[in-house]
Amino acid sequence: MKSDNDVVITGIGIVTCQGVGKEAHVALLSAAAVAKPAIEAERFAPYPVHPLPEIDWSAQIVKRDQRQMENWQRLGVFAAGLALDDAGLKEDAEACASMDMIVAAGGGERDIKVDSLIVDEALKRNDRDILLNEKLTTELRPTLFLAQLSNLMAGNISIVHKVTGSSRTFMGEEAAGISAVETAYHRIKAGQSSHSLVGGAFIAERADILLLVEGIRAHATGEWQPLWSRSNDNGGGMITGSVGAFLVLESRTRAEARGAHIYAVIDAVEGDRGNRDEGKLEKRLSRLSATASGLNGEDTVVFSGASGLVDLATREKTVLEKEFAGAAIRGFGGVTGHALEAQFPLGLALAALSLDGQSLVPAFDETNEKPMAKPADHAVVTTVGYTRGEGVAVLSKNA
Amino acid sequence: MSDNRFTDHLGRPLVAVTGMGVITSLGQGLSDNWSALTSGTSGIHKITRFPTDGLSTRISGTVDFIAVPANNSVERSFAFARETTKEALAQAGLSGDFDGPLFLAAPPVEPEWHDRFALADRSPPSKAEGDAYERFLTAMRERPDPVFLEAVQFGSISERLADMFGTRGLPVTLSTACASGATAIQLGVEAIRQGRTDRALVAATDGSVSVEALVRFSLLSALSTQNDPPEKASKPFSKDRDGFVIAEGAATLVLESVESALARGATVLGIIKGLGEKADHFHRTRSSPDGGPAIATIRAALEDAGMDESGIGYINAHGTSTPENDKMEYGSMLAVFGDRMKNIPASSNKSMIGHTLTAAGAVEAVFSIQTMLTGTLPPTINYTNPDPTIELDVVPNVKRDGQPKAVLSNSFGFGGQNASLVMTLEPV
């Protein structure tokens, strides 16, 4: 049933190791079989990560602005630009000036050289606090702070693309991406917003980020393995990937009035959190899955954002197989890498492209995913945070 | 919902504040804060948390009187928010599970330097220049450290608050820089207006003052270097103002639809009547010289509140004491309020508590409501050398009686963030 305040996806900006932009990902989603994805195995050995593809930053960001950012912000600004372009709104100054924005953000890059210099010097000294003052005041680059600030990805999107209706930055790992989509969805549904830019970016090629997740030995080591085939014999199972993923969400009224292409309709989105012991995770995932009740498994494809953490991935898949019996399940992080804040928006982007293209999405892990018999009319997107937070979205093909 | 006592000019649910809690460098709790704030007391002091040798700024409004199990930004920010939330819920008369969503403004976090040093101590020796993180990773593989991870997860503060107070769903943790507190309130109000919930818990907290945070702001020339005496450094709207004073604090507001608040017999402390926002694309740290986005933000808040300029009786200014903000904020207010501006009292709490960054918008919203409830306008202290280009009634140095029925509170931040709130005492 169509409604004026349906929330529809009209723009997709996506960058992963599979390539830059929509076409590379349509190709992935409609391929007969997927090849082993690009892996950077050397730079951060023993950790394999999915690297950025080659990017011509200047296609979205002028040189002067590029210099004000590091790769994390650049990637977000770049992917946001792709989404605006794709929605046909990039040159529409009025639309951008009234466009709402929610960015799911972590933090920007540390200056590894400066950090190394300080800790190396500190190993030789007893007055570490004094040393810290000396070094920080002389070695830190003033602009680096701005490249690190979480809300400056959004700030740079405002500067570069003139998106200025509102600017909000959500944080909190995967949950940030879930809440960003959930919030934008409810605002449009309630008429508080007519069009919103939502998404995030994550850079996996960062030793400072790997260090964080290694606090719980979450990252896989050694050879790349398909998502559901990973084991605790090689690290924790998560393989991070550099990803930028932005969506333009619009009310159906607005989208149809301007004749925009509608990739998909968002029927529902919800996030939750809590203790995961003793079946509580399963119970919550089942409850969230109920937002998709009534869907026929055969008409449905599930894009799981499982991080790869072995135990969590197994538990999530068991629930999905029960709740969406008959549906094809695709663990997309296996071919893009896990993208933390950007994971949920990435899942929505892939789901929308597959519904729009009526794709027979190939198995991303052939031994653990079954082929699709026919294109899906509905897609379920999940993200289970590697430490906390869960989210589910339900999308349908535009009728 | 058909009862128009409970809806605003657009038929949306009116949103009440039924509980408030606050911590600043002036103390813990609304009562202590309010008496200090109205007596013109400054909470700014010499930094003792870390040595300040060689630093150009050596003062701050840190909160050092709340016990924390580890000296890091997450533990402090959580502890402050926990305390202000307890206070707010008690005032609201709520116990047990809160059963509504949580919107939390919290600072971005990174590992503390003492944790990096500790990691370096247990790491293998350097093999090449710039290889600290490779060594850290080797050490971490040998002995993982979940506490280290938890102290740098952006979601770990809201996680604990959600468990402790029984909020519903996935909490939102947000940062819109110095506008964060106002944005958190905005999200809470929006959720109630959407009809998704009758109540929302809004907290904003910042315990992130560390040497690196201080140096970073110093390198941007944002901080006052008038270290002596510390309590005189923050002087919003003064001619010799030279930057803000970095500070910590937290505030919690319990938001409820007026209908649900009255139904359970709660006291309505004030109404969040209107909210406005507009991003600025001029520069990463500077506002558009013409104040366009700030003007649009204030106007949007008034429009959302269904009010014109004449309704505002007091302004809780952002007033950071940086040369640029105060000038821009004045210009924007002048553009909106015109000739009336010089007759609207507009004071800056930051003259006493410094800039509580992530928490500021919510801390100042609490003080705005308290201003209306008590009929007392808090002063702008250290106002001895007025900026002649800023013709404002800043409530100089000494509190004053006043009965504003509606208050405007502004928040502007790095990254083009602007948010304004209009609060009223009564629903109409």
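1. Which strand of chain B pairs with β4(A), and in what sense? The partner is β6 (residues 172-174) of chain B, and the two run antiparallel over 2 bridges. Pairing here requires at least two DSSP bridges between the strands. A:Phe170 has B:Leu174 as its bridge partner in β6(B).

2. Basis of the note. The model is predicted: local features need pLDDT of at least 70, side-chain atom pairs count only at pLDDT 80 or more, and totals for chains, interfaces and linings use all residues. Residues are numbered from 1 along each chain as its sequence is written, while chains are lettered from A and ligands numbered from 1 in the order in which they are written. Helices (H or I, at least four residues) and strands (E, at least two) are DSSP runs numbered from the N terminus.

3. The A–B contact. Chain A places 65 residues in contact with 63 of chain B (C-beta atoms, placed from the backbone, within 7 Å). On the chain A side, the elements supplying at least two residues each include α5 (112-122), β4 (168-171) and β7 (264-272). α6(A) gives the largest share, 8 residues.

4. Strand β14(B). Residues 406-413 form this strand, and 8 of 8 are buried (20 or more other C-beta atoms within 10 Å of the residue's own, C-beta atoms being placed from the backbone). B:Leu408 and B:Phe412 are among those pointing one way, B:Val407 and B:Ser411 among those pointing the other.

5. Neighbours of β14(B). β10 (residues 314-316) of chain B pairs with β14(B) in parallel over 3 bridges, with B:Tyr314 partnered by B:Val407. β15 (residues 417-424) of chain B runs antiparallel to β14(B), joined by 8 bridges. B:Leu408 stands opposite B:Val422. This β14(B)–β15(B) hairpin has 3 residues between its strands, and B:Gly415 in the turn has a positive phi of about 85 degrees.

Definitions and conventions. A residue is buried if 20 or more other C-beta atoms lie within 10 Å of its own, exposed if 12 or fewer, and partly exposed in between; C-beta atoms are placed from the backbone. Two residues are in contact if their C-beta atoms, placed from the backbone, lie within 7 Å.
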